[in-house]
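Here is a short note for a first look at this model. Keep the sequence and the 3D view open while you read the points in order.

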Amino acid sequence: MLQTLRDKTSGWIATVILGLLIIPFAFVGIEQYLVQRVDNAVARIEIAPSWWRSAPSWWPASMLWKKAAIERSEFDERFQRERDRRRAAEGEAFDAREFEKPESKRKVLDQLIDERVRMLAAEVEGLAVADGAVVKTIQAVPEFQDGTGKFSQERYLYGLQMRQPPQSPTEFEQFVRDRLMENIIVGNVGQSSFLTQAEMDRLIKLMGERRDVSLLLMPPPAADTAEVAAADIQKWYDGHGKDFRAPESVILEYVELTGATLPPPGAPTEASLRKRYEDEKSRFVAEEQRLVSHIQINVAAGADAAAQKAAETKAAQLAGQAKAVGADFAALARANSEDLGSKAVGGDLGWINKGTFPGAFEDAMFKLKVGEVSAPVKDESGWHVIVVREVKAGQVQPFEAVRETLLREESETGRERAFNDFSAKLVDMVYKNPTSLAEPAKAMNLAVMKTGPITRDAALNNGGIGANPAVIRAAFSEARLQDNTVSDPIEIGQEHSVLIRVVSHTPERALPLAQVRDKVIAAVRADRTGKAAEQEAQALVARVNAGETLAAVAASKQLSAPEAVPNVARGMPLPTPEVSEAIFALKAPAAGKASAGKAKLPDGRVAVFAVDKVVPGSKTEIPPAQLDMMRTQISQLGGYEEGRELTSELRKRVKIQVIEDNLR
């Protein structure tokens, strides 16, 4: 048997098999077969070359495809940035558990895929980003510029070290190059977007359109009290199951820590107050003050170069006159200053502290000696000639003058220290047995309290700690639900925190029909009432569209007369945005006729309206500057949409593989 096997593996068959095996080893490398690889990519993108877009994706043609991968580390960084952005935007309303759902992860991943697709598309088309464009982009970043708006190498290097994670100049330059490369196609498409004059005229006619309307608010419909059949009850319950579910809930036990219930700490000693004074003496130095006058020459916003130069020249002349021996600065200010607030008093601005006039004015003012007149100083209001008439040096306030402040601060510090020490002792005890609150609470003489069922919606929890978003987030966190361990202290106010433990957890569930039968019946009746009101309103609409006036139709039904509302513009709440939208969705009436429609109001009533006249918007009513701004904004919006459409089309040209296991 063994000899037979040996003979067969030494002939031409073995040679062919060995040759076939050499091929993949040659392309992939034998180490790939011998070494365990760890693939951390969450997505892979491949695109065919531009000169062979129909190239097959199988080997060996697949070797011509351009490939890229999105690594898990890159995804995690972007996901964390999005989490931070959402938390900052939503504040206490941010739900970390909701954010962690797969839908959020796929949304972030799709953004990364779009970016990589755009970059690959640019690369296969042979596009590149010039070094000069990278340098120009970096130098235009405001954080890398000094106070004069010039690029600062020092600020640049410091800013890169402050990034998370820090980057070297080479890494950041590559990051900028990648971003420019990614937008090189889509950006040019967006910038090329434009509006024809005909399109602009049509938009103006639509956006500026006004309509004369007759509006009739129907009375509240009569309540439906008819019997609801069992079959209708079951049908409604089956079709609206999501309306009859009990929300996920927890019951908590908790202990509450408040500074007001702790024994007050001892009063601060005189020695501790004096030590605090010595340690923080720099806080109690009165700021230097300067008695300042100025002459102001205004420069209007948007002034041309000639007007700006004329103002600067006049300020320079006044500065020269003020510096002359024996010059009367106050008289010059009264005669020439354009600051109406100080002109009458010779330009006197009074005593000024640092921070009163931040910017160039203050910088110049605090460099002057007493009696020295400045050269002209430019700020947003114009040019200033400044003189410092007197200086009050900063002085340290004596202990007696700040003793009450120190006493209040030291007392507050003592209370905070006592509260923190008490909390720390409680937490230490909890850590010894994190699944129980009873023993630590007993040792610290605290009561263990219990809540009723608490849902994720804080507004439904009827006050108490369940109405606090931080408590809700902790209560429904994975650790609390799975381990039933005690939480860390949750701050819900100043010197006010709680420690919680989930006693029981009830998942969201469907409520049985027997339990919600009355609600189902009420829903069926409300639906029938609404449909009856809609049918009645539709009958009125049909009569108006058949030629009757809305006033005549209303009178025939003993309804109040409709209200005439002329010149209704788009977006006006009439009486609700939904009604306004329905009015402008209605087809314009023929000459001498009216078009009728209806819209439902939030309270269940129906509004019936008739459009009697339509006046298109006119560009003659819009100032030229506003027209130009509208054209620019609409073109930018169009460019953005065209960029999105292009990205969508580019995605159709590529192969995208999402590795779900690495995304979890």
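**Notes on the fold**

1. Strand S11 (residues 454-455) and S5 pair in the antiparallel sense over 2 bridges. Two strands count as paired if DSSP finds at least two bridges between them. Strands here are DSSP runs (E, at least two residues), helices are runs of H or I with at least four residues, and both are numbered from the N terminus.

2. A word on the source. This is a predicted model, where local features need pLDDT of at least 70, side-chain atom pairs count only at pLDDT 80 or more, and totals for chains, interfaces and linings use all residues. Residues are numbered from 1 along each chain as its sequence is written, and side-chain values use heavy atoms, with hydrogens and water left out.

3. Stay with S5. Strand S5 (residues 249-258) also pairs with strand S13 (residues 496-506), antiparallel, over 10 bridges. Glu 253 has Arg 501 in S13 as its bridge partner. Leu 257 stands opposite Ser 497 in S13. Strand S10 (residues 449-450) is joined to S5 by 2 bridges, again antiparallel. There, Tyr 254 faces Met 449 in S10.

4. Buried means under 20% relative accessible area, exposed means over 50%, and partly exposed lies in between (1.4 Å probe, protein chains only).

5. Next, follow S13 to its other partner. Strand S12 (residues 490-493) runs antiparallel to S13 and is joined to it by 3 bridges. Gly 493 stands opposite His 496 in S13. S12 and S13 form a hairpin with 2 residues between them. In the turn, Glu 495 has a positive phi of about 50 degrees.

6. Now look at an open sheet of 4 strands, in the order S7-S6-S9-S8, with antiparallel pairing. Which strands stand at its edges? They are strand S7 (348-352) and strand S8 (377-379). Each has a single partner strand, so one side of each is left without a neighbour in the sheet. The twist averages 40 degrees from one strand to the next. Angles run from 0 to 180 degrees between N-to-C directions, and axes are lines fitted to C-alpha atoms, for helices over the stretch in contact.

7. Within that sheet, S8 and strand S9 (residues 382-392) run antiparallel and are joined by 3 bridges. Val 377 has His 384 in S9 as its bridge partner. Helix H15 (residues 329-336) lies across strand S6 (289-298) and S9, at about 35 degrees to S6. Contact means heavy atoms within 4.5 Å.

8. Another open sheet of 4 strands has the order S15-S3-S17-S16, with antiparallel pairing. Its edge strands are S15 (563-569) and S16 (595-600), and each pairs on one side only. Neighbouring strands of this sheet are turned by 30 degrees against each other on average, direction ignored. S16 pairs with strand S17 (residues 606-615) in the antiparallel sense over 6 bridges. Lys 600 stands opposite Val 606 in S17.

9. Two helices meet this sheet. Helix H21 (residues 513-545) lies across strand S3 (210-217), S16 and S17, at about 165 degrees to S16. Helix H23 (residues 577-585) packs on the sheet and touches S3, S15, S16 and S17. The direction of H23 makes about 45 degrees with that of S17.

10. Turn to the largest pocket, which holds about 590 Å³ of space. Its lining has 17 residues, and the closest to its centre are Glu 77, Arg 81, Arg 163, Gln 167 and Phe 175. A pocket is an open set of points on a 1 Å grid over the protein atoms alone, where a 1.4 Å probe fits, with protein on both sides within 12 Å along at least five of seven lines; lining residues have an atom within 4 Å of a point. H9 gives the largest share of the lining, 5 residues. By class, the lining has 4 nonpolar, 3 polar and 10 charged residues. Charged means Asp, Glu, Lys and Arg.

11. Last, Asp 363 sits in helix H16 (residues 360-365). Asp 363 counts as partly exposed because its relative accessibility is 46%.

Methods
Points joined across faces, edges and corners; volume = space filled by probe spheres on them.
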